[in-house]
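Let's take a walk through a protein together.

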Amino acid sequence: MAATRLIALHKNKGKSVAACLKSRTDYVQNPDKTEHGELISSYECSPLTVDEEFMLSKRQYELVTGRRQKSDVIAYQIRQSFKPGEITAEEANKVGYELAMRFTKGKYAFIVATHTDREHIHNHIIYNSTALDSTRKFRDFLLSGLAVQRLSDLICLEHQLSVIEIKPYRERQKHTLYPPKESNRDCLCGVIDNILAKNPKDYEDFLQKLEQQGYEVKRGKYTSVKGTRQKRFIRFRTLGAGYSEEELKAVISGEAEHHPRQKQKRIVPEQKFQMLVDIQAKLAEGKSMGYARWAKRYNLKEMSKTLIFLQEHKIGSIKEMQERVDTATARYHELGDSIKAAETRMAEIAVLRTHIVNYARTRPVYDAYRKAGYSKRFLDAHREEITLHKAAKTAFDEAGLKKLPKAKDLSIEYAELLKKKKEAYPDYRKARDEMQELMKAQKNVEMFFAEEKSTTEKEQAR
């Protein structure tokens, strides 16, 4: 059962092509993995000088064609893995050589190295991206990886080896459960729970046991620890209730009882229903009758969910639904307008505050400029300050400000608007979701009855 993959080998940043080729070919020819080099075969090159021969053909390519390599692909690698116990290393090398020869059609030099360091025997085939006659490059065509897999399967069948059967999508195993990921904080809390269960003598003994578990402890005003693979220290007081220094000391001294933190499961809200499929439109696009049958079943399921939604919201007629949609839409736009108005005013305050600060800062320079009789030499020396002062004064005139507000008052107003905006966002999102659900339900009902009417008319016409 051979698993095959085609990989383009790229030039590493900061390294030459020759150095990259040498590192790649040296890896596949590792004596510890290839029975001291006995499981290496090659075509039109020597395993000892394969990197130099690849480079020679690339230089000849430049001389023959006059073109320099634009892409950073220096060679290609084929990985071919076999089912454990099904093939010997020598036979695997022969199969790999045949695969490379048939895929490259003998136009590109290559080496085949068979590795036996894993439970499964596998081949590393590296072939040059430049042809032997140095007139062209290998073109990584569309679905070339699939072509290598198909060719590998064909060769395996010829050698009476098993291949991976491609199952239909419906028969493939689907991953529905994944192991939960544990954060650094959760892991630290678990370690603390285990240490406290062993009743340390005192707080210092507790910290020493943490160090024995691989944590680096930083003592100071606030004790913090860092794991082996962590980038930052974590303070005890940021771990939540029951894990601050005072609470841990109270538990160690026996004054309090420790309650391990319970992990909170993330609840993903389930979508109540989806939009119905416009079957006639899909058929007009070229969908098959099989798709139409699936869409009818899908529409019935989603329509039943829609009816449940309407019952939960006590909507019994088309008129009531329209009224609810209009009310939800008006509420959504009302909240949206209030948030936009707050954002507009906040932007105005930010600009005005900047102009007030610039005006006050540059006023002495502008007064000196005016006393100098608007001297051109003075203007050239203080152009930036004078320009900022004039821009601020123009902004005040356009806003019609006869008296400048205090920067402190503007900051207070800005903070109040920001608070109002943040408080309005939850209601805004709730109104948006409610409006979208109601509009989706309305659209589903209209589409469902339109489909039923069309079906009835067709039956009557028959």
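The side chains of D26 and K22 meet in a salt bridge, with N and O 3.3 Å apart. Here a salt bridge means a side-chain nitrogen of Lys or Arg within 4 Å of a carboxyl oxygen of Asp or Glu. Side chains of opposite charge can pair when their charged atoms come close. D26 and K22 are four residues apart in helix α1 (residues 17–28), so about one helical turn separates them. Helices (H or I, at least four residues) and strands (E, at least two) are DSSP runs, numbered from the N terminus.

Before going on, please note that this is a predicted model, in which local features need pLDDT of at least 70, side-chain atom pairs count only at pLDDT 80 or more, and totals for chains, interfaces and linings use all residues. Residues are numbered from 1 along each chain as its sequence is written, and side-chain values use heavy atoms, leaving out hydrogens and water.

(Buried means under 20% relative accessible area, exposed over 50%, and partly exposed in between, with a 1.4 Å probe and protein chains only.)

K33 pairs with D117, their closest N and O atoms being 4.0 Å apart. K33 lies in the loop between α1 and β2 (40–43) and D117 in the loop between β4 (110–115) and β5, so this pair ties together parts that are 84 residues apart in sequence. K33 is buried, at 15%. E343 and K421 also form a salt bridge, at 3.1 Å between the closest N and O atoms. This pair links helix α10 (residues 318–371), which holds E343, with helix α13 (residues 407–461), which holds K421, 78 residues apart. The whole structure has 16 salt bridges.

Next comes a sheet. Three strands form an open sheet in the order β6-β7-β8, with antiparallel pairing. Because β6 (216–218) and β8 stand at the edges with a single partner strand each, one side of each has no neighbour in the sheet. Two strands pair if DSSP finds at least two bridges between them, and two bridges join β7 (residues 224–226) to β8. In this pairing, V225 stands opposite I234 in β8.

Strand β8 (residues 234–235) also contains R235, which is partly exposed at 36% relative accessibility.
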